[in-house]
Amino acid sequence: MSAEEPKIAPAGAEIADENASTDLTILIQGVLQQTQDRFQHMSDQIIRRIDDMTKRIDDLEKNITDLMTQNQIDPPQI
């Protein structure tokens, strides 16, 4: 067989190629979905932590204001 002769694909090779392509597509979609799920989970955690930090800062400001009031200290003028 010379290098010049056209190669003839065996019967069903196109179907196998389509199946491999479909399998690859499904695999890539699965990986992308997992990545998206992980980013969503991390984003939710970050938002929860920011909300928690905001609450802590608000509580701290209130406590400082209460302490200043108890000690009759005027709050700083901004």
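Lys 62 counts as exposed, at 52% relative accessibility; here exposed means over 50% relative accessible area, buried under 20%, and partly exposed in between, with a 1.4 Å probe and protein chains only. This is a predicted model, in which local features need pLDDT of at least 70 and side-chain atom pairs count only at pLDDT 80 or more, while totals for chains, interfaces and linings use all residues. Residues are numbered from 1 along each chain as its sequence is written, and side-chain values use heavy atoms, with hydrogens and water left out.

The side chain of Lys 62 meets that of Asp 66 in a salt bridge, at 3.0 Å from N to O. The term stands for a side-chain nitrogen of Lys or Arg within 4 Å of a carboxyl oxygen of Asp or Glu. Asp 66 is partly exposed, at 31% relative accessibility.

The structure holds three salt bridges. In one of them, Lys 55 pairs with Asp 59, and the closest N and O atoms are 3.1 Å apart. Both residues lie in helix α1, four residues or about one turn from each other. Lys 55 is exposed at 51%, whereas Asp 59 is partly exposed at 36%.

Arg 56 forms a salt bridge with Asp 52, with 3.4 Å between the closest N and O atoms. Arg 56 and Asp 52 are also four residues apart in helix α1, about one helical turn. Arg 56 counts as exposed, at 52% relative accessibility, and Asp 52 is partly exposed, at 37%.

## Helix and annotated region

The chain has one helix and zero strands; helices are DSSP runs (H or I) of at least four residues and strands (E) of at least two, numbered from the N terminus. Helix α1 covers residues 13-70.

An unreviewed UniProt entry lists residues 43-70 as "coiled-coil region"; such annotations may be inferred rather than shown by experiment, and their positions follow the numbering used here, with feature names shortened. Over residues 43-70 the model is 100% helix and 0% strand, with the end C-alpha atoms 40 Å apart.

## Surface

Of the 78 residues of the chain, 1% count as buried. The chain exposes about 7800 Å², with carbon and sulfur atoms supplying 58% of it; areas come from the Shrake-Rupley method with a 1.4 Å probe, and for residues only the protein chains shown count as cover.

Leu 24, Leu 27, Ile 28, Val 31 and Leu 32 make a nonpolar surface patch of about 480 Å². Leu 24 is partly exposed, at 48%.

Note on methods:
Patches are made of residues with over 30% relative accessible area and no salt bridge: like charges are joined within 9 Å, nonpolar side chains (Val, Leu, Ile, Met, Phe, Trp, Tyr) within 5 Å.
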